[in-house]
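Dear colleague,

The sequence and structure follow below. Some notes on what was found come after them.

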Amino acid sequence: MISITTGIDIVEVKRFRDIPFKQNNSFYKKNFDSKEIEYCLKFKDPYPHFAGKFAVKESFQKASRKSIAMIEIHTNHGDVGEPILTCKKIKCKKIEISISHEKNYAVATAIIIW
């Protein structure tokens, strides 16, 4: 039997602007892997990107119905820029995610097919 679970999250970008990367490395390293940090920091304003990645990790936690450390959830981008999420803690058939962000907010959804 196939089961589908969903999660959604919204993050205010200001939360990340209020904890700048250079002064708060430990926070970022606790929540993002080195590739995620490198990806976000390549932008002039990295904070909408950090917020988007954080939101998608939160939405995935909600969809998984499990308590998973943020650092164990990994985001990446495919060939045409589509977001990809992986997590070794979850055994499922498929994970679909969507992330959107702008100056003030980031929102994300996750769908898990079991």
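How many residues lie between S2 and S3 in the hairpin that they form, and which residue in the turn has a positive phi? There are 5 residues between the two strands, and Gly 81 in the turn has the positive phi, about 90°.

On provenance: this is a predicted model, in which local features need pLDDT of at least 70, side-chain atom pairs count only at pLDDT 80 or more, and totals for chains, interfaces and linings use all residues. Residues are numbered from 1 along each chain as its sequence is written, and side-chain values use heavy atoms, with hydrogens and water left out.

Strands and helices here are DSSP runs numbered from the N terminus (E, at least two residues, for strands; H or I, at least four, for helices). S2 and S3 (residues 83–86) run antiparallel and are joined by 4 bridges; two strands pair if DSSP finds at least two bridges between them. Within this pairing, Asn 76 is opposite Ile 84 of S3.

Arg 65 is not a glycine, yet its phi is positive, about 60°. Its relative accessible area is 56%, so Arg 65 is exposed (exposed is over 50%, buried under 20%, partly exposed in between, with a 1.4 Å probe and protein chains only).

In H4 itself sits Phe 54, which is buried at 8% relative accessibility. Leaving out residues up to four places away in sequence, Phe 54 touches Val 11, Arg 15, Phe 16, Asn 31, Phe 32 and Met 70 (contact means heavy atoms within 4.5 Å). The C-alpha atoms of Phe 54 and Ala 106 are 8.7 Å apart, with the two residues 52 apart along the chain.

Regards
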